[in-house]
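Morning, everyone. Please bring up the model on your screens, and we'll walk through it together.

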Amino acid sequence: MNYSEILPITKRIPANRQGAKRHYGIHPYFTRRPFNVVRDYILHYSNPGDIVIDPFGGSGVTAIEAFLENRIGIQNDINPLANFIASGIVEITKVTLDEILEGLKFIEKECKERINDLFRTNGPKINIYKYDVELPPNIKLPSNSDVEQYYDLFTPRQLISLTILKNQIDKISDFSLRHVFLLAWSSTLARINKTFISTRGRAETRGGSSIFSIYRYKIAKDIVELNPWECFYNRFHNILKAKKEMMNTIELRQKRDEWQGQFKIFKLDVDELKNLFWESADYIFTDPPYGGHISYLDLSVLWNSWLGLMPSEEVCKKEIIVGGELKFAEGHYIKRLKDSIKSCFEMLKDGRWLSIVFQHWNVEYFESILTAAQESNAELKSAVSQIGDPIWSMHKKKGKESVLAGEFILTFYKKMGIKSVKEDKRMDIKSIIGKILQKY
């Protein structure tokens, strides 16, 4: 495939969010792109064996889909929880079905009856169980939480049940197998806490945590105590489905002697990642943080703390957000966003493509992305809305301005060679964005 001859995607790809068991139902995360949209972009803009990078990897959709499509998938995120989920999904492919089933027997033997018995216990008797388990650190929560300390996120039954499960999983000696079961446990943790809100008029188990809906630790008005063992068992079966799904893909390609997929993971700031992959990427598909909407590291404390993955203060200072526990100013976000997009283009080879998912109305946010692209000798080729009809294409409309609406995917082509950009051209960017956004 000649990369320069690729015609940009200009039509919306209908999302199939539940179509891949490897992503849907394995573990919740704050933002997750539909796998089929990401996969189609990867297939369109890259070749087998190419290096495909997501500098803001989240739960790993880009790198995992690249890996399964015979590319070298590069996952990067400073949030340990994100990398834990992404690497855990890939670890599923490294253990056999028999090993997974034996692992379940090992956990079930020591945990099922203890947890079910605890679930039936009320009053002071519950506290007796505390003496038999090693509880996680009772750390302080982010300041906007409804409660101050970590233990306050759980009922005693929830906290002890989760501890019983994790302590047994930690005894598994094989790294990959242990990671697979920790993934199921971590997913269970999202539902077995006091932020879980049951959906009205539906089964009690249907619902979700306020962590993923209003993006803070809000305690439910009516606490729902789901059975921890049943929840863990259901998550385990989701992992089995993901295992079969991914292995079917890999084994089919192995039979055809086509398998060359690789998955690599990093936990670097984007500006540091570019030093490792300077002009190495064949394609980048990424979804940058959304300003002040989601404080990823603050909201991941529930998992990172118990998993022993808490990021250092130095790492927290590198987060690209507005607000959060460190109260980052908007100017900080805009500068970091622009710098990180420039770093993305510096990782990209000349004559290659880069796609960015974004959904902001702030003129300065758009300006930071487009300015970074222009300074990197990259040209915006299409902007496709993933909510409605396709809305803008440089290729098809040749400069005509239209509306960028809702969540959309900006796709750029990095031209060959080096070209300086005059200051007056940079100023044109803000004028163009203003015309686009003022319609809303």
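Let's start with Asp282. It is buried, with a relative accessible area of 4%. Keep in mind that this is a predicted model.

Which side chains meet Asp282 in a salt bridge? One is Lys349, at 2.9 Å from N to O. That pair links distant parts of the chain. Lys349 sits in strand E7, Asp282 sits in strand E6, residues 281-286, and 67 residues separate them. Another is Arg352, at 3.2 Å, N to O. Arg352 is also in strand E7, 70 residues from Asp282.

Lys349 has 27% relative accessibility, so it counts as partly exposed.

Next, a salt bridge elsewhere. Arg216 and Asp146 meet through their side chains at 2.7 Å, N to O. This pair links distant parts of the chain too, 70 residues apart. Arg216 lies in the loop between strand E4 and helix H7. Asp146 lies in the loop between helix H4 and helix H5. Arg216 counts as partly exposed because its relative accessibility is 24%. Asp146, at 38%, is partly exposed as well.

There is also a network: salt bridges link Arg22, Glu65 and Glu245. How many salt bridges are there by this rule? The count comes to 22.

Back to strand E7. It spans residues 348-358 and pairs with strand E10 in the antiparallel sense, over six bridges. Find Ser355, and opposite it you will see Thr411 in E10. Strand E8, residues 378-385, runs antiparallel to E10, and seven bridges join them. There, Glu379 has Tyr413 as its bridge partner.

E10 itself covers residues 408-414, and seven of its seven residues are buried. Phe408, Leu410, Phe412 and Lys414 point one way. Ile409, Thr411 and Tyr413 point the other way.

Now helix H13, residues 363-375. Its 13 residues reach 18 Å from first C-alpha to last, close to the 18 Å expected at 1.5 Å a residue. Its buried residues include Tyr365, Phe366, Glu367 and Leu370. After H13 comes Asn377, with a positive phi near 65°.

Last, the whole chain. It has 15 helices and 10 strands. Of its 440 residues, 55% are buried. Its accessible surface comes to about 19,800 Å², and 50% of that belongs to carbon and sulfur atoms.

That's the tour. Thank you.

Note on methods
Residues are numbered from 1 along each chain as its sequence is written. This is a predicted model: local features need pLDDT of at least 70, side-chain atom pairs count only at pLDDT 80 or more; totals for chains, interfaces and linings use all residues. Side-chain values use heavy atoms; hydrogens and water are left out. Helices (H or I, at least four residues) and strands (E, at least two) are DSSP runs, numbered from the N terminus. Buried means under 20% relative accessible area, exposed over 50%, partly exposed in between (1.4 Å probe, protein chains only). Accessible areas come from the Shrake-Rupley method with a 1.4 Å probe; for residues, only the protein chains shown count as cover. The expected span of a helix is 1.5 Å times one less than its number of residues. Two strands pair if DSSP finds at least two bridges between them. A salt bridge is a side-chain nitrogen of Lys or Arg within 4 Å of a carboxyl oxygen of Asp or Glu.
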